[in-house]
Amino acid sequence: MQWQIVGCSAIGTKHITGGTPCQDAVDYEIIPGGQIIIGAVSDGMGSARRSDVGSKLAVKTALSQMNNIKCWQSKPKNDEGAREIFWSVLEKVQAALKKQAENGGYSVEDLNCTLLAFVATPQWLAAIQVGDGQIVVRPKGGNYQLLFMPDKGEYPNVTTSVTSSHALEKMQVCVKSASYEFICAATDGIENISHIKRDNWKPSEGFFKPLEEQIMLSTKSLTHKEKEIEDFLNSEQINQKTDDDKTLLLCGYSEFTNVENTVSQKKLQPPTAKTQQSTIPEKVQPSTPENKISKQQEIQDSIDYEIGTITDRIVEKLAAYGITPEVKIEQSCLVCDLISERILNDKNRLSEIVRKAVVESKILRLTKIKEIEVYSFTKNDKNYLWLKKINVGLLPNKFLEIAIVITIAAGMTLIFGLIKTFFAGNSSIIICFIFSLALISCIWFPRVRRD
Amino acid sequence: MPFDIEFVENPEHRCPVVLLLDTSGSMSGEPINELNAGLAIFKQEVERDTTASLRVEVAIITFDSSVDILQDFVTIDKFYPPQLTASGMTAMGQGIELALNEVENRKAIYKSNGIQYYQPWVLLITDGGPSDSWQSAAQRVRQAYADRKINFFAVGVQGADMNILGQIAPVNTPPLMLKGLQFEGLFRWLSQSVKTVSSNKVVGGQTSLSPTSGWAQTNT
C-alpha cells in the first residue's frame, strides 16, 4: 500500500478573456517510502494585483516549511498540537510574502491568497485552511467528508487571505486519526459542482466518486491521470459552471499496480500540467537511463495524442460554422489545449483554444471564424502578459492558393513571351527551362519544409 | 404567486445595486436629463461584460414628495433605463429606509432560491437636503454598513447639503460632490466598480474601488 498523488491548476475563462494569468497554485511531495504525503493549494485573489505570485510562493513556502520541520514525524496529540505546527507554517508563508512584496515593490495585499495544506500518513492526517477552498477526505469504508467549512461569510466573494492580520486567528486546523484512502484539496473554482451547498456543503458523491474510482484508482500512469484531471478542469462542462481558475489535488492510498511511477518520482512532472509553476527545472527528478527512455516515450505519446485531439476538436468546432479546415499543428509548441465558447455579447462569440507548452503557454484565440491569433507568454516574462501576437493561417484558403498559382502562371507566360522576343531559336527554350526551374524551387521548397 | 423561473434560468451570483435618486423639483432641467443619460450609460457599460450583465441587478427608487420603486430589481440585460422627471420635495429619509428594506427583501428572495449574492450597493444621488426626518435612516445606513450588509455611496450634485450627507454616509465612504453634471463619469465608475466586485475575490473588510477623480470633486 502506498500513496499516489496528482494535481494541477487550470486557468479560468475570465482570466483568458482578461489576459491575466492563472492565480491558482498547487504543489505536493511524496516523502520517500510512499507512506507520507504533503500537499498545498492556494487561490490568488482576483482583487489583488499579483496574487498569482502570492499563491505560488505561499504553496512553495508551506511545503518547504512542512519539510523542514518534518511535520510527519510525530502525530500531533490534538488540534492544538496541529495548530502549533501550522502556526509556524503560516508564519513562514507570511514572512515570505512580506519579503516578496518588499523586493517586488508592491504591498503585501497585492499578494492576497488563500492556503490549504495537509500532511497525511496511513494512520492520521493533519490539515490547515486559511480562506475558502475545500479539503475533502474519505476514510476507509466511509463516505466523503468536508474537513473544514469554507471560510465564507454572507457573500461568496469575501474571504480571508494568508496575509491578513487576523489570518492566524481565522486559520482552521485539525488532526484526524483515521486511515484515509482518498484526499482531495481544491480551490473554490469547482465548489459549485463539487458540493451541495443547500445541504450544508455536503461533498457531492457524484463528483468525487468518479474522480477517485475512474482516475485515482485506475491502472493508468500518473502522467495519464494528471492529464485526465487537467482535461476535466479545462472541459466545457466545467467552464460553463465557473469562469474562475480551478485546482484539484487528488491523493489515493491503495495497492497501486503502476508502482514504479510512485517510487521513482518524488514528484510527477508531466509536460501538460505544470506550466503554471515556476519550479519545473529543479523539481525534475534524476532518473535511470531506462526510465528516461520510457518517460520520453510516454511524453511523446502524450504529445501525439494531444495533437490528435486538438486537431479533431478544432475541425469539429469549425465544422459547426460550415468550414472544413485543414489543420496542421507543430508539435514543438504545444502539448495541451482546451476549447471553450463564450458569448461575448449578442453579436460576437469567442471561441478559445488554450495550449500549454513545456516552456511556454500559448493561447489561441479564434476571434473571427477565419482568423486565429496566438497570444503567447513565456515564463521568463515577469508580467505573464500576452507579449506576442502571431497570426496563424489555420485555414489554408484553397481559393487563395489557386489564385497564386494562376498569377504565377500568368506571370511566367508573360516572361516567356518576352524571352521569346529577345532570344530567337532553340536558346529560348533552354532559358525558359532554367527560369521555370529557378522559380519553382523558390516557391516549392520553402513550402515543403514548412509542411 | 406568479410562476417565476428567473433564478433557474440564470443561477449566477447576484450583485444588487440600488440607485436611490432625487427627483425633486430642483433636479429638473439639465440635471435630470444628464442623470437619465447616465443611467443609459450604466446599462451600456455593464452590458459589455456578459458575466456582469447576468450578475448585476439594478433597482431604482426615486424620492420627491413621495417615494417610489420605479424599477424593481432586474438584471442588466433586462433593464431598460427609465426617463425620470423632476418635481416636488425631497423625501430622502423615507427613500433611504425604503432602499434598505428593498435590499433586505431581495436578499431573502436570493436565499430562498439558493442564489448567492455579493454585498449590495446603494448609491444615493441628491442635489438638496432632506425635507423629511432622516436621522433614523442615517443610523440604519451606518449600522448596515458596519454589519457589512451594504456598501453605501452618497453623491451630491451642486446644491446638495453635504453636511447632512456626511452624517448619513458611513465614515469610511464619505459623500462625494459631483463635478458639474458629470453623471456620465459617475455611472462609468459605478459600472466599473460593480464589474470588478462581481468577478473578483476580496478579503473581508477591504473594498478596492476604481478612482473617483474622473467625476468627483477632490476637496469636499
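This is a predicted model: local features need pLDDT of at least 70, side-chain atom pairs count only at pLDDT 80 or more; totals for chains, interfaces and linings use all residues.
The side chains of R106(B) and E57(B) meet in a salt bridge, 3.0 Å from N to O, where a salt bridge is a side-chain nitrogen of Lys or Arg within 4 Å of a carboxyl oxygen of Asp or Glu. The pair ties together distant parts of the chain, with R106(B) in helix α4 (residues 92-112) of chain B and E57(B) in strand β2 of chain B, 49 residues apart. Helices (H or I, at least four residues) and strands (E, at least two) are DSSP runs, numbered from the N terminus. R106(B) is buried, with a relative accessible area of 8%, and E57(B) is buried at 0%. Here buried means under 20% relative accessible area, exposed means over 50%, and partly exposed is in between (1.4 Å probe, protein chains only).

Residues are numbered from 1 along each chain as its sequence is written, chains are lettered from A and ligands numbered from 1 in the order in which they are written, and side-chain values use heavy atoms, with hydrogens and water left out.

Back to the charges. Side chains of opposite charge can pair when their charged atoms come close. Over all chains, the structure holds 17 salt bridges. One of them joins R49(A) to D110(A), with the closest N and O atoms 2.9 Å apart. This pair, too, links distant parts of its chain: R49(A) sits in the loop between β3 (36-43) and α2 (51-68) of chain A, and D110(A) in the loop between α3 (79-104) and β4 (115-120) of chain A, 61 residues apart. R49(A) counts as exposed at 58% relative accessibility, whereas D110(A) is buried, with a relative accessible area of 13%.

E47(B) counts as partly exposed at 29% relative accessibility, while K43(B) is buried at 12%.

Helix α7 (residues 183-197) of chain B has 15 residues and reaches 21 Å from its first C-alpha to its last, close to the 21 Å expected at 1.5 Å a residue; the expected span is 1.5 Å times one less than the number of residues. As 11 of the 15 residues of α7(B) are buried, the helix is largely enclosed by the rest of the structure. Among the buried residues are F183(B), L186(B), F187(B), W189(B) and L190(B). Their cover includes β1 (15-22), α2 (30-47), α3 (50-55), β2 (56-63), β4 (121-126) and β5 (151-156) of chain B.

Over in chain A, the 18 residues of α2(A) should span 26 Å at 1.5 Å a residue, and the end C-alpha atoms are 25 Å apart, which agrees. This helix is mostly covered, with 14 of its 18 residues buried. Just after α2(A), K70(A) takes a positive phi of about 45°. K70(A) is found in the loop between α2 and α3 of chain A and counts as partly exposed, at 38% relative accessibility. In chain B, R148(B) has a positive phi of about 60° although it is not a glycine. R148(B) lies in the loop between α5 (135-146) and β5 of chain B and is partly exposed at 45%.

The two chains meet through 25 residues from chain B and 26 residues from chain A, contact being heavy atoms within 4.5 Å. About 2,100 Å² is buried between them, of which carbon and sulfur atoms give 44%; buried area is the accessible area (1.4 Å probe) that two parts lose on being put together, summed over both. Across this interface the rule finds 0 salt bridges.

Finally, I430(A), F433(A), I434(A) and L437(A) make a nonpolar surface patch of about 430 Å². Patches are made of residues with over 30% relative accessible area and no salt bridge, joining like charges within 9 Å and nonpolar side chains (Val, Leu, Ile, Met, Phe, Trp, Tyr) within 5 Å. Accessible areas come from the Shrake-Rupley method with a 1.4 Å probe, and for residues only the protein chains shown count as cover. I434(A) is in helix α13 (residues 426-450) of chain A and counts as exposed, at 51% relative accessibility.
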